[in-house]
Structures are given as C-alpha cells and as structure tokens.
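Student: I would like to learn how to read a helix and a sheet in a model. Could we go through one together?

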Amino acid sequence: MQGEPTVQGEPAVHDELMALAERLVAAGEQPAPPCPDAVNAAMVRHWTQALGDASGAWEDVAPPAMIQVWSMPGLGAKKAGSVADDPLRLLNENGYTGVVATNCDQTYDRYVKVGERLRSTMRFGGVAGPKRTAMGEGYFVTWFQSWYDEDDRRVAEMLFRVLKFQPKRRGGGGRPSGAKPGKYPLRPTIGLDTRYFWDGVDDGELRVQSCADCGALRHPPGPMCPECHSTNRTYTKASGRGVVHSFVVHHHPPVPGRTPPYVVAVVELEEGVRILGNVIGCEPSEVEVDMPVRVVFQHMDDELVLPQWTPSDAPDPEPPAEEAEPDGLRIELTPTFVIATALATRDFTPVHHDTELARAQGSKDIFVNILTSIGLVQRFALETVPGGELESIRVRLGVPAYAGDTLTLTGERADDRTLTVRGAVSLGDHLTATVTFTEGEAR
Amino acid sequence: MSLSGKAAIAGIGATEFSKDSGRSELRLAAEACLAAITDAGLTPADVDGLVTFTADANAEIAVQRELGIPSLRFFSRVDYGGGAACGTVAHAAMAVATGQADVVVCYRAFNERSGHRFGQANKGGGAGSLGMEFSWHLPYGFATPAAWVAMQARRYMHEYGATSEDFGRVAVAMRGHAATNPKAWFHGRPITLEEHQASRWIVEPLHLLDCCQESDGGQAIVVTTAERARDLPNRPVLIAGAAQGTGPGQMMMFSYYSGDIATLPAMGRVGEQLWRQAGLGPDDVQTAILYDHFTPFVLIQLEELGFCGRGEAKDFLKDGGIELGGRLPVNPHGGQLGEAYIHGMNGIAEGVRQVRGTSVNQVPDVTNVLVTAGTGVPTSGLVLTAG
C-alpha cells in the first residue's frame, strides 16, 4: 500500500500468513471484550480535562473520538484477545518483531449519549506485503472494531493498521544522534582560543583575531601569531562586509538540523581574512562568486547564534521567535500531559507512563498514545470549525510525540466538509489527518 | 643520502571489493595481509613491521595476532584520511632502508559502505585541535567530503573556466577503465558524459557521478629492501620516490583561508619531492594513479604534478587524454570512481601491477608509475619503477 515496493517474502511463511488472513477475513465479525462501563460523565470529564478540551460541549453526549475508550479493558484486566493476535504472533515468530501503528481511522454513525451501554465487535481486515519500508521489510496488518448501541445499531467503526517489520540489521533508526528537541544539532566546540569569537557573535559583533604585538589579522584564530610568534592575542571588530570567494549548494546527504538545498560560502572580508558561513536571504541560484555580502546574525535556537551572510542589498532576516511561530494549536507535552491523557483514555501500556521502561524498550522517553492523538485531532478540528459535527477522523501516524516536546497542530480546509490536519513535533510529523464533517446543520 | 631505490614492493593482496563484505574489518585486514605476504613468496613469520592509517580500526597488534606473526619491531600509523595511503609505503620504505625492519606490510581494511560511511554527515572532531577546525564548518551544515571538495571546485571553475563536463570526462574515463576490470565494482558498466550530466546534484557543483563509490574491502602491500626483493618470485617494483606533504595554513579538507584555493599545494609539495628523489619528470611516467575520490581534484593534481600548466587540465583530458591509449592513461584499474574506494591503497596495487606488466588494463612498456594519495588533506605520493 501507499506505494511501498513489494518484495519477495519467505515463501512458506508468506503462504501460511496469507492463508491465515483469508480464514480470518472469512470468519467475519467476532465479539470483542465488553465495554465495562456505560458512557458516563466522569470519564468524559476526566478525558476533556486531560486533553485540554475546554469547549464545554460534552454535557449530554460523549466526544466521538472517545469511542475506543469505552471498550478499553483497564488496568489489571485480563489481556483481551484480538482478531489480529494470530497473524501478529506468526510474524513475530518469523523475525518481523518490530511493530509500529500506521493508521487509525474512525467513522462516526452518530454521537453516543451519556448513559448508553455499548458493545463492540472486531473483524479482521487483511494482510498486505511483504513491503520494503523505511523501517525495514514488513507486512501491514489491518483490523476493524465496531461499536453498537442497545438496539444493535452501529454507532462507530474504527480501522486500525500496524506495520510488522523486520528491524534492519545494522543500527537502524537512522535518526541523527545528538539532536535534542528544539535544539539546533550542529554546535561548535568553543575553547580558550576561540571563546572571544562566539562571545562577539552573542553581542552582535563579528570579531577577527589580531596579534597584540604585530597586528596581523587571522581567521580562523589560534593561540600563537604565525608571523611574530607572540601569544598576546586580541581582536578587531570587522565591518561585516565582504564578497563570496567560493560557495557550494548542499543537496545530499541529509544533514541534521538542515533543510536542503542550502548555500555554504567562503566569504572574503574587507579586512582581508576569509570566513565560512551560509548565504541566506536569497535563492541558492542567485549566489555567485564575487557577490557582495554582509553579515547577519541568525538565531539557530534559544542559545546558539551563527554569523551568516546575506546579499549586501537584502533586508535583514526576519527576527526569530514571534514571527516564526506557526499558527495553530500548540501543546506542551509535559510528562503530566502524556500520563494524564494515557490514563484518561484507559490506556495503561507502560510506554505512556513509565519513563524507565519506555527507555528500556528503545524509546527516548514516554510518548503520547494513539487514543490521545486522535482526541487532539478532534479538539483541534472543532476549535477550527466551531459547531461542526464530525463524520470521521482518519489519522496517519508518523514519528512519536515524546514527553518534553511540543506538538503543534495546524489545519487547512480542503472543502466545506473536509479539514486536513498536521501535527508536528521536533522530529517531524507526528500525524497527518483528514477530518470530515456531516452535511447539514450543526448538531 | 636518498631513499630512492633502497626499498621495493614485493607483494600485493586484497579481498574482493563489495558493498557488504559480511565480515569484520579485522578479518578483511588479515585476509588482505595474508594474500599480500603469499604473493610476495613470504610467510607471516618473515614479517616484522606493520603500518596502517590512523583512521584504520584494526590495531597492528590485532593483525599480528591473526596472522601469527611472532613479534614486530616496527609499527606506525599515518594520519589524515586517504592522504595516508602512499605515506604508509613511505614509512615502510624508510624502515627497511634503515634496517629498522626487514619486511613491512602496509594495510587498510574497512567496511566503508556497510559500516561507517564517510560520505554521510560528519559529527565533528571532539575538543582537540581537529575538533576546533571542524567547529568553523560543521555548524553551517558543511558536513560532507563532497561539500568540502566542491568549495575548491567552484573556485577552480571560476578561475579557469572549467565546467562540470570537464569533471565528467574524468568520471567517464574511470568508468570506462573499470568496465574491463573484473575486480571493479563497476565492471561492465561504463557511463556516458550525458549520464554524468543527468545524475543528481550531491553538492553543487558536484553531481553524483563526480563522487567515488563507497566500498567494503581490504588491501595490503608488502615492502622490503630492494636487495631482498630481487630474491623473491615477483619482478621487484622499486620505490624510486616516496613523499608526504602539507601546504601553507593546512587544514583537514578546509584549507580555504589563505592563498589560491583553486590549487592543492600539499600535492605540489609531494610532487616536487617525488620528481627530485626519482630523478624523473612528468614525461618519464607511462601511467599515473591519481587519487579520485572526487573528479575535480584529478584535474588539479595533473597541474600540481606538472603534467600540464595551471588551468590547462581541462584541455589535457579532452579527447581521451587520460584514457587508455591517451597521452597519460590515469587509473587503468578504474580508480576509486570505478574499481573501489579502498582509501587509495588499491591504486598502489594497480601501480605495482602496471610495473610488473600484469594489469588487466596493461599500459604498454611501463617503466615508471606515479601514485598519489588523498587530496584536500595532508597527502603523500610514490614513484614506482621497474627493478
């Protein structure tokens, strides 16, 4: 699916898996574990508080994105069976030990009311693969869960899809190390001989080392003057004007913290020394050798400033922070938020509340659970389209949203009934979602 | 007193060159060394010296243990990436010429494709002097060897009017040579200049096909005295010149801060020593092995080594000038662009085969071969001569 190339699987395993999938699909709908509680105001309030939904819209009806919460077994309950257990186990036993949820689509037939008792069923959707994916070779496994009211009328259906993959042999992950959320990853080492330069950058000055005895200028600096061997070092403040002596445009491979294409140039200063930096504030195609440039100071994050170069006639770059802030719903993913939302959705999987255990399993930290992600999409959608009535939320899952990060939800109206939503964290897209609204009047 | 002619290369040996050796780097080193020792008609018990790259992951004592060498009395390492290649043979030659050792094996072995890939973004060099060098560059996303070479290449184009097609002619020649070398990764896969031009940008002005491949493999070279080499089975390949060099304000790939960056002064320094030691000049070599991690530096090397004047390399290599049958066949094995990237050590082996007369792409009547090591960094070179 989604264009991943199909590859040759282990024939015997593949055939067994496909035969199993066929039997499960033919078996159709199966009873799922019971919903332990009626739809109730206490759990709704816990959920809205944890997710920060202050709309007050959920007095008589439950938030639709809560639908799966009603059938969650809770802490200590006997592990419920699932229609997907057998194929997942077969894949595990044959080296497809990795698992990552890729899709969660919910369709709402109607909103459920406080006091209603629900029951749910599951049916197996199918297996697709083997596919070569960024995670490794794997199979996509899909199943469905449906919820019914006391009159056996369906109120909601959910598609859930996971990728079971063979973790890559070496390293894997591929995420550059050393990158902290929100921190620009490419940081200079600063030493006794170079401190003056970076102090100057912090003060908005471009400093060039000069010999306190013979006056020779030098960049990059060093502890001893190569002309007169004096160790008396000082600096002069450069005018910040120069010309591009040479430059490159980086396209490949990926560099952490950078979006290609970008320009790196050796700039020859009026003072006669050369310095390296990025040329910003113009298209890469506009840069040429001998182009006059001037220094600008670019804030890479809260702490690091880099001296950069811009065409001498270009305006100063946009100041950081305020203007750079994207519109949308920003959610600080504090440990409290991650844990409270996991529990409010009755998800007691340890990776959502136990930091040490999450790390032991290879995660960077605890992370937001899927029931919360879909709940946040609902919250954002209804804050963006007040009074809208949700028909479906289809979520495609991306990178984890770890505690300590910030999740920013932004959206775009595709048409009257459709909103596309993007949820970004520092590692990239945590989710992309399509939300549809029912036609006609708001609820 | 001169080193010229005192030492010889008596054996060469390599593993296969691949993208995934499936073996440890130490195993590659041991296999390559054993093959070279066997080629020389010697046994590990004859070896008393080992030299490798500072960058190599296989300690001399580890290689000693694997080969069962009873003891060593000479071991050294040469720094600065691929610039070390010919330097290992220079150190070995000095050792045998001065009696510090009798038989020295120079080796380089790595899983550079399936393991740590040099072409990926560099993570920096710590808090030492090298880390400080990197700190003026990495924060700007200037993090890969292709980018570091591209900076000089752009200035070279600006100064002399060289074009991407001129760089492409190097790639076409190397892939043409590799096409007829069964050991080459790109055996049977030549390219056209149009394919070079159509390949994607890596770092402008460099296309993908300006960049050498990444390889797994090991290569070893056995050095002994000229006198002993004459008693061994192979035709001795005398080391007529062996030199290392740096340029003014030398940095590790970042020598942009003074002088003319359309040049490679470290290679100029190596070249002048080589010609003086060997008593030869550019007209006296029949083929050259020029380090080709990136195409533009092949042009600049031709100029630094005196094969043509400044800015004239683009004319030198037009019309097949560096191809087999041209005025100076360069890298008959296909170089690192075509055969494999074994940090220049596979080029030394090809120089030896050309002098022996045993290359699959043999240049006629070879008596002298020039070999160079990695450029943009402190570098080294050799002149090999029929003994």
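Tutor: Gladly! A residue is called buried if 20 or more other C-beta atoms lie within 10 Å of its own, exposed if 12 or fewer, and partly exposed in between, with C-beta atoms placed from the backbone. Helices (H or I, at least four residues) and strands (E, at least two) are DSSP runs, numbered from the N terminus. This is a predicted model, where local features need pLDDT of at least 70, side-chain atom pairs count only at pLDDT 80 or more, and totals for chains, interfaces and linings use all residues. Residues are numbered from 1 along each chain as its sequence is written, and chains are lettered from A and ligands numbered from 1 in the order in which they are written.

Student: How many residues of α13(B) are buried?

Tutor: 11 of its 12 residues are, so α13(B) is largely enclosed by the rest of the structure. Among them are B:M345, B:I348 and B:V352. Across chain B, 63% of the 387 residues count as buried.

Student: What comes just after α13(B)?

Tutor: There B:G357 takes a positive phi of about 85 degrees.

Student: And how do I read a sheet?

Tutor: Strands of a sheet pair through backbone hydrogen bonds, either parallel or antiparallel. Here, two strands pair if DSSP finds at least two bridges between them. In chain B, β10 (residues 368-372) and β11 (residues 379-386) pair in the antiparallel sense over five bridges.

Student: Which order do the strands of the open sheet follow?

Tutor: The nine strands run β3-β2-β4-β7-β1-β8-β11-β10-β9 (chain B), with mixed pairing. At the edges, β3 (74-78) and β9 (287-289) of chain B each pair on one side only.
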